[in-house]
Amino acid sequence: MNGFLDALREKVLLFDGGMGSMLIAVGLTDGEAPEEWSIKRPDVLLDIHTKYLEAGADVIQTNTFGATSIKLAASCRDGAPDTAALNVRAAEIARQALGEFIAGSRFLAGDIGPTGEFFPPMGTLSVDAARNAFREQAAALERGGVDLFLIETMYDISEAVEAIRAVREVSDKPIVCELTMERKKKGYFTIMGDSPEKAAEILVAEGAAVIGANCSLTSGEMIDLAGEMRSLTDAPLLFQPNAGKPEMAGGKAIYRQDPEEFADDLMKMVEAGANAVGGCCGTTPDFIRATRARLDRM
Amino acid sequence: MKEHLGSCRQAIIDGDAEKSEELAKLTLEKGMPVLEVIDRGFVEGIREVGRLWEEGELFLPELVIGADAMKKAMAVLRPALESVEGGQDRLGHVVIGTIEGDIHDIGKTLVATMLAANGFEVTDLGADVPVAKFVETAAEKGADWIAISALLTTTMPGQKRVIERLEAKSLRGDVKVMVGGAPCSEEWASEIGADGYAGDAVAAVALVKGQTG
């Protein structure tokens with residue numbers, strides 16, 4: 001059995017929070033891909049992972065959200081680094097941070113985000129190209145020693161399916177898959193029109209051990225989605241909302257949401273049936289610490 | 001005629017590119033008034049697609065398919081439109097792109113597609129577009145609007161720099177500027193002195209229509 005899935009059966013697990021906004025706070029500039037910092041500034045990443053672990057996160061995510069070869073080619077201005085090496089390195093740094101903590105009680109999730117390209121008719125991405133890119137990334141993350149895979153912020157269920165299948169080709173580790181949804185008049189949907197019903201049916205059938213949603217929505221907006229997804233599936237559920245909507249002040253982004261309020265909302269998701277919670281854009285170790293305190297009081 | 005307009009409208013709503021092209025050709029063959037067929041037929045269709053998208057009844061694939069059908073029809077009708085009295089003047093030119101440092105393409109492409117579908121001339125510069133490129137292209141094309149997308153709070157200041165550069169080059173009076181993208185807002189648009197903010201592709205079309213020509 002896998003330690004992560006065992007732990008998930010025993011208690012509500014806490015995932016970490018935002019990475020991009022943390023990197024911006026310490027100097028990530030325009031035109032720099034966050035993933036490049038695994039090579040340029042491993043010390044900074046080690047520090048961020050450690051801060052999340054100290055705040056009480058049970059699961060931390062590698063800094064590899066945009067680390068498929070397809071996305072890296074678009075996001076790295078000065079030439080993309082070697083995809084496999086970058087993913088292995090990112091996993092190693094996170095693994096090093098985990099080394100300080102008790103083995104088997106904290107877990108490392110290999111983070112996989114969308115390629116940024118679209119299948120037809122929206123774009124020209126082919127199923128093979130997507131599968132190959134995800135396989136390359138997943139194989140490197142596996143080599144780097146992750147405990148599970150976290151496929152997240154997926155807006156097209158077809159692309160999520162390719163990522164799941166690619167991971168399955170190179171690893172037996174558990175797969176968590178989160179879609180990113182907006183709230184429309186008729187309910188929650190991805191921009192492609194994929195519904196929670198479709199997510200529950202397809203992602204689980206494809207072999208995701210845990211499904212859920214992240215990004216796009218604030219914590220308050222995501223509470224009802226947790227209840228809705230609970231009514232649709234027996235699969236464990238993970239939710240990672242944003243820290244409110246960003247506001248601009250003096251040329252800098254400010255997320256005004258209070259960590260305590262965010263943590264209260266996450267607890268409402270747990271009451272609604274979430275088995276794991278965490279944060280997305282704008283969340284920091286303070287948000288995770290506030291949530292940890294509430295989970296420990298449960 | 002009324003029936004023809006209804007068919008044109010419906011072909012766009014159905015996202016039927018082949019049918020849309022056929023109907024556009026029929027319009028020319030039968031010598032029907034081109035402007036009226038566009039305005040009360042095809043444009044009504046794409047407007048309905050946009051409305052249904054805003055309502056959450058349709059999603060991105062349907063919107064793109066509808067816009068593609070619209071483009072097919074417009075490609076047939078545009079040459080005829082240019083010889084029509086008043087036809088040429090109605091069409092504005094929009095230079096659009098995602099600002100430098102930002103590779104988010106979806107929203108921008110959608111706005112470009114909808115503008116083109118509504119008959120505007122569109123120069124799409126893609127993503128990660130340098131400030132100077134927006135300004136140079138707009139000057140070169142004699143554009144009426146520059147539309148700048150920014151999806152990151154770190155890249156939003158680039159929108160302001162485009163406006164500053166237009167001012168420095170004394171071009172600000174010639175071209176209007178609209179901003180869009182998740183972190184942008186009306187407040188941000190007015191703070192940086194833009195002419196408008198569009199929250200989505202439908203709003204962008206309305207904005208350009210309201211203030212061009």
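**View 1. Strand 9 and strand 12 of chain A are paired in the predicted model.** Strand 9 of chain A covers residues 237–242, strand 12 of chain A covers residues 276–277, and two bridges join them in the parallel sense. A:Phe239 has A:Val277, in strand 12 of chain A, as its bridge partner.

**View 2. The open sheet of chain A contains eight strands.** The strands pair in the parallel sense, and their order is 1-12-9-8-5-4-3-2. Strand 1 (13–14) and strand 2 (59–61) of chain A each have a single partner strand, so one side of each lacks a neighbour in the sheet. Helix 6 (residues 83–98) of chain A packs on the sheet and touches strand 2 and strand 3 (107–112) of chain A. The direction of helix 6 makes about 160° with that of strand 3 of chain A. Helix 7 (residues 127–144) of chain A also packs on the sheet, where it touches strand 3 and strand 4 (148–154) of chain A.

**View 3. Chain A and chain B are in contact.** Chain A contributes 19 residues and chain B contributes 18 residues. On the side of chain B, helix 4 (residues 60–83) gives the most, with five residues. This side of chain B comprises 10 nonpolar, five polar and three charged residues.

**View 4. Domain 1 (2–88) and domain 2 (92–211) make up the division of chain B.** Their C-alpha centres lie 25 Å apart. In the contact between the domains, 11 residues of domain 1 of chain B meet 10 residues of domain 2 of chain B. Helix 4 of chain B supplies the largest share of the domain 1 side, six residues. By class, the domain 1 side has eight nonpolar, one polar and two charged residues.

Definitions and conventions:
Residues are numbered from 1 along each chain as its sequence is written. Chains are lettered from A and ligands numbered from 1 in the order in which they are written. This is a predicted model: local features need pLDDT of at least 70, side-chain atom pairs count only at pLDDT 80 or more; totals for chains, interfaces and linings use all residues. Two strands pair if DSSP finds at least two bridges between them. Helices (H or I, at least four residues) and strands (E, at least two) are DSSP runs, numbered from the N terminus. Two residues are in contact if their C-beta atoms, placed from the backbone, lie within 7 Å. Axes are lines fitted to C-alpha atoms, for helices over the stretch in contact, and angles run from 0 to 180 degrees between N-to-C directions. Ala, Val, Leu, Ile, Met, Phe, Trp, Tyr, Cys and Pro count as nonpolar, Asp, Glu, Lys and Arg as charged, and the others, Gly among them, as polar. Domain bounds come from an automatic or database domain assignment.
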